[in-house]
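Let us work through this structure by asking and answering. Keep the sequence and the 3D view open as you read.

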Amino acid sequence: MNGLLVVWESRDVFLWGAANTLSLVLGCLLLSIPIGILGAVVLTEAPDPLRRLFAEAVDLLRCVPFLLLAYVVYYGLPELGLRLDPWWAGLMSLTVYTTAYLAEIFRAAFRAVAPDNIEAAHAFGLSRSLIYRRIILPQVAITAAPVIGNQVITTIRDSALLMIITVQELTFAANFVSANHFTPFAPFAAAVGLYLLMSFVVEAGVRRMERVRKGRYG
Amino acid sequence: MTWPAIRTILDGAVVTAALAAVSILLSLPLGLLLALLREGRIPGVPALLAAFVSLVRATPFVTLVLFVYFVLPAAGLELEPVPAAIVALTLNTAAFSSEIWRSALVTFPRDQREAAAAFGMSERATFIRIVFPQIWRANLGPLVSEVTILLKCTPAVAVIGVVEITRAAGRIGAETYEPLPPFLVATLIYTALIATLVRGQRVVERRIARRFGLARP
Amino acid sequence: MAETDAAISVRGLCKDFDGFEVLRDIDLDLAPGTTTCILGPSGSGKSTFLRCLNWLEEPSAGSVHIDGKPIGRSGNGRATRPMARRELASTRTSIAMVFQHFALWPHLTVLGNVTEAPVHVLGRPKREAEEEGRAILARVGLTEKADVYPHTLSGGQKQRVAISRALAMRPKVILFDEPTSALDPEMVGEVLSVIRELAREGLTMVIVTHEMSFAREIADTIVFMDGGRIREIAAPTDFFTNPQSDRARRFIFRP
């Protein structure tokens, strides 16, 4: 009971934390989805030495632990002369990290589009950019929705690590309230509840896409 | 970056890897157990476990670590940082790997089970002799992926004071007032470790695929 | 026939694949308004040849001209160079293709499939393309299917959609790559009757097929290929009653 009261009284802290989490995740997705698609195009279409270099870079980036990457960005930005709020270091590291994963996801999704689709598109005179825009990407949006949804949930979870570099997101808020009021269960339970809610929203979106997919592909 | 500093970071890396190794050994079997219980017939258990798994999969790992360290004592389980870290790592990876095991169990060809039953095999024997040998090989890829993810998660345990690679790098940074070099070194070392694991996984996968034909159902 | 009179003009076409000779010295002129059926045993290179006509396969040597215009390589005589992608794409707008496995775009409706290239490649206004699309679908008997997704259709219906998609481009030539080979026997008829109609209307068509009686019925010219070369070119009655080569004889009487 005491715990619930504490959480309710500190609700502005929680809301601020949740808002930061959401803004980080949405900001990240807004950047990393388009860049990830471009990266996937490079991974698919670029001439060989460049493509292999890119593939190695993406592979390597996916082996970096996110927390360490966040630290490097956090301590690295001032070295470049940029004295920014930790939130920006958080956004940058989250974006770089998520882009590498999305590039790989989109690359696999491009390959999953039936080759005869693309061949027919070529036969009908569609240009490369038209083929991506009208044939490949629309299908990828539908068929890769579950995998992308999974990645979004992963990004939400990764965002919590940013508390360690003092970004005031949701887990930071829970930890703060718990440390200041000595009732650990309620604040963390509240945070977990909010993360669960975010997860549900993403999964609902994926289920929606699954319905679209059933309608078009059977 | 002096050599003693690098040594400190390497020691930290060893601690991180050791934590991860212990958790892997515990969590993969635990994940299998969870999957079997979820597909089992004990009333109430499947639903409970499904809720548990959903919860853990939606929760950020660092939040789980904090939860285990700060909340469990209130329920009577007071843990030192290192055991708490292992508990959190194990629960996290068990939940994720249970999904892999569960999907393998659910999609396992029914006719193979029926054949085993027709030949008089008990369910237990069927699992040990027929099901398990196939599913662990077929799912080696996804399982090793989970292991890789666990390795990447582990640095987060620094938040409850475990002295592993992140703390080591941080301490050196605090001593020298130059935090960037130790973290760069830590990142390089740890990334190299994970990259080696990933390469190794690919080689093993290819070898298994060659020996068992199509290793995927 | 001079190159500029023929609808399709092929000179010296060769194709090597990994050192293996798939096509050799193909020379062919096909007149406009005619239906040509390419027959031959499996492995004779007939599909590869068809796909060279719209440069889906790149020949190792030789040239293809459609309606007097070169495909795949531009320039004349000695000074030819491969076409840039954009140029190639625009030359393909006058040659339409129907694929063995339909190759419909699954995320678009039937009408969407038919209007996609006219709108986005030829730049026709959407309303006009849709009206024309519906008219074409009516011709092939699929009016009520215009707004459904391809996965709900039978094989025969899918292939009729693929043919409508080709017709919507108002092409000079339509290429058919074994249009009925992937269909269940009871659906072959509906596709063949559509193709028969198109032949009657005077479209220039090149059809690779196994349906010998159909070829005999609608073709103006039979081109018989074996081992990567053209062995015989003849009118259907001549070809089927009096084949000139041993290979053709073996093919006709034991396909």
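**The sheet of chain C**

In this predicted model, chain C has an open sheet of six strands in the order 8-9-10-3-11-12, with mixed pairing.

Q: Which strands are the edge strands of this sheet in chain C?
A: Strands of a sheet pair through backbone hydrogen bonds, either parallel or antiparallel. An edge strand pairs on one side only. In chain C, the edge strands are strand 8 and strand 12 (229–234).

Q: By how many degrees are neighbouring strands of this sheet turned against each other on average?
A: Direction is ignored for this value.

Q: How many bridges join strand 3 to strand 10 in chain C?
A: Strand 3 covers residues 35–39 and strand 10 covers residues 204–208 of chain C. The two strands run parallel. C:I38 stands opposite C:V208 in strand 10. The number of bridges joining strand 3 to strand 10 is four.

Q: Which strands of the sheet does helix 5 of chain C touch?
A: Helix 5 packs on the sheet. Its direction makes about 175° with that of strand 8. The strands touched by helix 5 of chain C are strand 8 and strand 9 (173–177).

**Chain A**

Q: How many helices and how many strands does chain A have?
A: From the N terminus on, the elements of chain A run α-α-α-α-α-α-α-α-α-α. The C-alpha atoms of chain A fill a box of roughly 70 × 45 × 20 Å along the principal axes. The secondary structure of chain A comes to ten helices and zero strands.

**Where chain B meets chain A**

Q: How much area is buried between chain B and chain A?
A: Here 34 residues of chain B are in contact with 34 residues of chain A. Carbon and sulfur atoms give 77% of the buried area. The area buried between chain B and chain A is about 2,900 Å².

Q: Which residue of chain B forms a salt bridge with A:E56?
A: Two salt bridges are counted between chain B and chain A. A salt bridge needs a side-chain nitrogen of Lys or Arg within 4 Å of a carboxyl oxygen of Asp or Glu. In the pair with A:E56, the closest N and O atoms are 3.4 Å apart. The partner of A:E56 is B:R199.

Q: Which helix gives the largest share of the side of chain B that touches chain A?
A: Helix 2 (45–58), helix 3 (61–71), helix 4 (81–106) and helix 9 (180–212) of chain B give two or more residues each. The largest share is twelve residues. By class, this side has 23 nonpolar, seven polar and four charged residues. The helix with the largest share is helix 9 of chain B.

Q: Which residues of chain C lose the most area to chain A?
A: Chain C and chain A bury about 2,200 Å² between them, 60% of it on carbon and sulfur atoms. The residues asked for give together 28% of what the side of chain C buries. They are C:W105, C:H107 and C:H151.

Q: How far apart are the closest N and O atoms of A:R134 and C:E116?
A: Two salt bridges are counted between chain C and chain A. A:R134 forms a salt bridge with C:E116. Their closest N and O atoms are apart by 2.7 Å.

Technical notes
Residues numbered from 1 in each chain as written. Chains lettered and ligands numbered in written order. Predicted model: local features only at pLDDT ≥ 70, side-chain atom pairs only at ≥ 80, totals over all residues. Heavy atoms only, no water. Contact = heavy atoms within 4.5 Å. Buried area = accessible area lost by both parts, 1.4 Å probe. Nonpolar A, V, L, I, M, F, W, Y, C, P; charged D, E, K, R; others polar. Pairing = 2+ DSSP bridges. Axes fitted to C-alpha atoms, helices over the stretch in contact; angles between N-to-C directions.
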